[in-house]
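Hello,

Here is the structure you were going to look at. My notes on it follow below.

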Amino acid sequence: MDPKISGGNGICRAPPLEALLFDIDGTMCVSDPFHHRAFSELLQGLGYNGGAPITPEFGMAHMAGRSNEQIGRFLFPDWPQARLGAFFAEKEALFARYAGEGLREVPGLAELCRWARERGLKRAAVTNAPRANAELMIGILGLADFFQLVVAGEDCGEGRSKPCPDPYLRALALLGASAERSLVFEDSVVGVQAGVAAGMPVVAIASESREAKVVAAGASMVVRDYRDAKLWAALDAAAGAPKIDSELSLSAVEPPVSVPVENC
């Protein structure tokens, strides 16, 4: 099925676009299988779920897009922090090993990064992942010199990661960019909620089965990957000229719809 765009009339609005902010897991790279493998091995070894392997659907429902703090509270609400820390250290080590064997970009990402660089757009990665995890994935993708900053899960304080807007607001402040001139790329419901709560339109990278959920969370556009022709038409209309410092016009865009955010 062809990629589909839905949930709003567009992604651009006046004044002109100046910054792109990207989530990492699932948005820039296909990482869920490696997270799932690492979690499954550890949880099965602990006898979680009666020793039965967790399903990918379980991971998408309860782990995707969330911080380790949030996942830990869900999986093991009675564990002390030291035990949770040891568990996630082991999980991240397993993830790093598996990701190194085959992490790949979401199709079309490299072309979008070249487009953004050529136009002088400001660029940040904003993730609920630990910093070491985030930098690992960015490095594997060959984008270590693309992003001007990385806002990681631990940077905003306890309880202030996505779906709270704090990570995106922090990125905007550090970039010196405004929400009115910035665009977010996300893949998870909590990530979409965070971008919308920060006042930015959000493009969601999502399968058909998850499309309704990200639209309900406030996504302005839904695509399967970055090759979507309608996405490119919207981006070119947003930029309007080869360089960001030209006379540009962001037109025909509605502000994102505000959706209540839980646990924030």
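Helices (H or I, at least four residues) and strands (E, at least two) are DSSP runs, numbered from the N terminus. The model is predicted, so local features need pLDDT of at least 70, side-chain atom pairs count only at pLDDT 80 or more, and totals for chains, interfaces and linings use all residues. Residues are numbered from 1 along each chain as its sequence is written, and side-chain values use heavy atoms, with hydrogens and water left out.

Glycine 85 is found in helix α4 (residues 81–99). With a relative accessible area of 35%, glycine 85 is partly exposed (buried means under 20%, exposed over 50%, partly exposed in between; 1.4 Å probe, protein chains only). Glutamine 70 belongs to helix α3 (residues 68–75) and is buried, at 17%. Leaving aside residues up to four places away in sequence, glutamine 70 touches Asn128, Ser161, Lys162 and Pro163 (contact means heavy atoms within 4.5 Å).

Next, the sheet. Six strands form an open sheet in the order β3-β2-β1-β4-β5-β6, with parallel pairing (two strands pair if DSSP finds at least two bridges between them). β3 (149–151) and β6 (221–223) are at the edges with a single partner strand each, so one side of each has no neighbour in the sheet. Strand β1 (residues 19–22) is joined to β2 (residues 122–126) by four bridges, and alanine 19 stands opposite lysine 122 in β2.

Last, the aromatic rings. Rings of Phe, Tyr and Trp (its six-membered ring) pair if their centres lie within 6.5 Å; planes under 30 degrees apart count as stacked, over 60 as edge-to-face and the rest as tilted. The count by this rule is 14 aromatic pairs. Phenylalanine 22 and phenylalanine 147 have ring centres 5.8 Å apart and planes at 75 degrees, so this pair is edge-to-face. The pair links distant parts of the chain, 125 residues apart: phenylalanine 22 in strand β1 and phenylalanine 147 in the loop between α6 (131–140) and β3. Both are buried. For tryptophan 79 and phenylalanine 87 the centres are 6.0 Å apart and the planes at 80 degrees, so that pair is edge-to-face. One aromatic cluster is formed by Phe39, Tyr48, Phe58, Phe74, Phe76, Trp79, Phe87 and Phe88.

Regards
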